[in-house]
Structures are given as C-alpha cells and as structure tokens.
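Please keep the structure below in view while reading.

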Amino acid sequence: MEMTAAAAWLNSTFEGFDAGITLAVHKLYEACGGFMTPFMEIISLLGKGGIFLILLSLVLTFLKPSRRLGTAMILGLAIGAIAVNLWLKVVIARPRPYADLEGVFYPLWQMLGSHVESDFSFPSGHTNAAFAAMIPVFILCDKKWSWLALVFGVLMGISRIYLVVHFPSDVLGGMITGTIAGLLGTLIATRIPKASKWFAWDLRKPRVKGAHE
C-alpha cells in the first residue's frame, strides 16, 4: 500500500522529534534493565480497545454520586473514538514505527517484545482514549487528587512509545484529540439538566445530608 501524503508529511516533519523522544524514553529500558517493561505493558493493556475505560465510565454512570462524571467520560470516549478510530487513522493511514524494517525503530521494537497492532499509527488511539476519559475526571473532581488522572494519560502515551508501537508524534496527536474530546464530553454532560434526579451532586463539593437536589 502506497503511503498517503499526510503520512509522508508526518514522517518527514517529525523525523527528528520522533527518533529523539523514542531514544530518550528507551533510556528507561537501559537504566532499569527491562524492569519497566511489564509495567508499561500493563499500562498499555488498560487502554486496549478502550474497554477498561468504558467499563469504568459505565460503573461511574450507574453510581448516583458520580453519574455526571461517568456520562462525561462516556461522551468523551465516544467523541474521541469517532474522530480517531473511524476517521483520522483511516484517512491518514500512517504505518506503525516497526513497519520500516531498516529504520531506527525496528530493532527497539524487537527488543521490547515485538507487540503488533492491527490498525494505523496516527494518532494514538490508546492515548486519545486515556485523555478523553481522564480530562473529565480532572475537571469535575477534587483537584487535590484529580491531577493523577492526567498522570495516567501521560503514562499511557509513554507506554506506547516505550513499546515502539507508536511514534511520539502519534502520542502527541492522541493527547490533543483526547483532550478536545474530553472537554466536549464534559461540556455536554454539565449542560444536561438534573431532570428526574438522574444527575447528582458535584463531586468537587461535599454533599450536605438532606440537601435539595
């Protein structure tokens, strides 16, 4: 399959950026002697197909105190999936880093376990889903701990670079699309009125027992 103009532009424009960041991330492997690999594989697994994040969102939706948060997460995931998996990946059709057998990424990919993905590379679907789900958590929950949601999103992106299944520019694209999707999901969810008591209290504020909803 001939590379699309968009994929070729990404490869040439971000060549130095992608190689530099990937090699920097792989200092973790060199420093830890492979100790980080299982951790990165677990983080990456949590984003596979968005299943874990979808299930988490559904659980939060069914629990009254977190219903609006869960709805925002579901909406963010849906918007992100449509934009990335059904459109951008298909239109841009960027090959994975390991597709170039002569490139700098291929030996690193082999060293890290040769994980194979079935779809195209740009943007990162895992990172997109992580940010689409975690941005609502960061916005709607207590800032004393909600920043950890963003840490999860960043770790997801790093894991994809570490395993050499994505270029860093793919991850950057996933962060941008996921953030936009998460913001839209939050905006829509917070504009839905509390009809029929479907949505409950704001997670950022302690609930007053017996308060009118």
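Helix α6 passes helix α10 in a right-handed crossing, a term used when the near helix is turned clockwise from the far one by less than a right angle. This is a predicted model, in which local features need pLDDT of at least 70 and side-chain atom pairs count only at pLDDT 80 or more, while totals for chains, interfaces and linings use all residues. Residues are numbered from 1 along each chain as its sequence is written, and side-chain values use heavy atoms, with hydrogens and water left out.

- Contact, meaning heavy atoms within 4.5 Å, involves residues including Leu75, Gly76 and Ile79 of α6 and Ala181, Gly185 and Ile188 of α10.

**Aromatic pairs**
- The structure holds five aromatic pairs, counted where ring centres of Phe, Tyr or Trp (its six-membered ring) lie within 6.5 Å, with planes under 30 degrees apart called stacked, over 60 edge-to-face and the rest tilted.
- Tyr98 and Trp109 are stacked, at 4.4 Å centre to centre and 20 degrees between the planes, and both are buried (under 20% relative accessible area), Tyr98 at 10% and Trp109 at 9%.
- Phe105 and Phe167 form an edge-to-face pair, because their planes stand at 90 degrees, with centres 5.1 Å apart.
- Phe105 lies in helix α7 and Phe167 in the loop between α9 (143–162) and α10, 62 residues apart.

Key
Helix = DSSP H or I, 4+ residues; strand = E, 2+ residues; numbered from the N terminus. Buried < 20%, exposed > 50% of the residue type's maximum accessible area, 1.4 Å probe, protein only.
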